[in-house]
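Me: Please take a close look at the aromatic rings in this protein chain. I would like to know where they sit and how they pair.

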Amino acid sequence: TELKRLMNEGLEPVGSKDIFNSINEDMAKENLIRSPEMIRSVREELKKYAAIAAKITAFELLISDNQNEEKWLDQFIEAMYTGTITKKGALFVYDRDPEEDSWEPFANLLKSVNDVEYEVYKHFRQLDDKSRSTLLRKSSRRDQELTASEDITPLLVKLEELAERFLETRDRLEYEKVELADGEERYQFYRQVSSKLNDIRRRLK
């Protein structure tokens, strides 16, 4: 907000100088080219505004990325607790209907030694638009059915199970993250999901 104000209102003037007795803006622009010193000053000021504009763009991208990440996490959590992404044998898969085509597994427990949910999430993020839309529609429909039920015990049990698993991994990664190339990213993933799961459980209770 402060940076945008500076762009709109301008930086605080550090001084002023007459441009060859110019009596209006048009004359000042024409006379400006006669003073290399003034041209340098204008260029320096323009660099300042360009730097501010770049900062604003960077902040807006950061905010957008954070908002998008929140949305991705919420959608992933819903897919997990509704069983739309589910564990079958050693695989985490899309819980397809009989008439639907099978999908590539999200993760294989035999290949993912630790933090399998993180591997599932990465695969979830890489789904094409059509597959993601299909998954989210089913996940949303199941969520509505679960929350509309008079008995939400199965939902609470599933959320409890997920919360315990994510909390356990979060606590482990708090110490192990320094040993992993993407340890901090993994830790933040489990920390954020744990927090969101706890919020959901509190609301339902």
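Reply: Along the sequence the protein chain runs α-α-α-β-β-β-α-α-α-α, that is, seven helices and three strands. Helices here are DSSP runs of H or I with at least four residues, strands are runs of E with at least two, and both are numbered from the N terminus. The model is predicted, so local features need pLDDT of at least 70 and side-chain atom pairs count only at pLDDT 80 or more, while totals for chains, interfaces and linings use all residues. Residues are numbered from 1 along each chain as its sequence is written, and side-chain values use heavy atoms, without hydrogens and water.

Now the rings. Rings of Phe, Tyr and Trp (its six-membered ring) pair if their centres lie within 6.5 Å; planes under 30 degrees apart count as stacked, over 60 as edge-to-face and the rest as tilted. The count is eleven aromatic pairs. In one of them, the ring centres of Phe 166 and Tyr 190 are 5.1 Å apart and the planes stand at 40 degrees, so this pair is tilted. It joins distant parts of the chain, since Phe 166 lies in helix H6 (residues 153–176) and Tyr 190 in helix H7 (residues 183–204), 24 residues apart.

Buried means under 20% relative accessible area, exposed over 50%, and partly exposed in between (1.4 Å probe, protein chains only). Phe 166 has 1%, so it is buried; Tyr 190 has 0%, so it is buried.

Ring pairs also connect these two into a cluster with Trp 72, Phe 76, Tyr 118, Tyr 121, Phe 124 and Phe 189.
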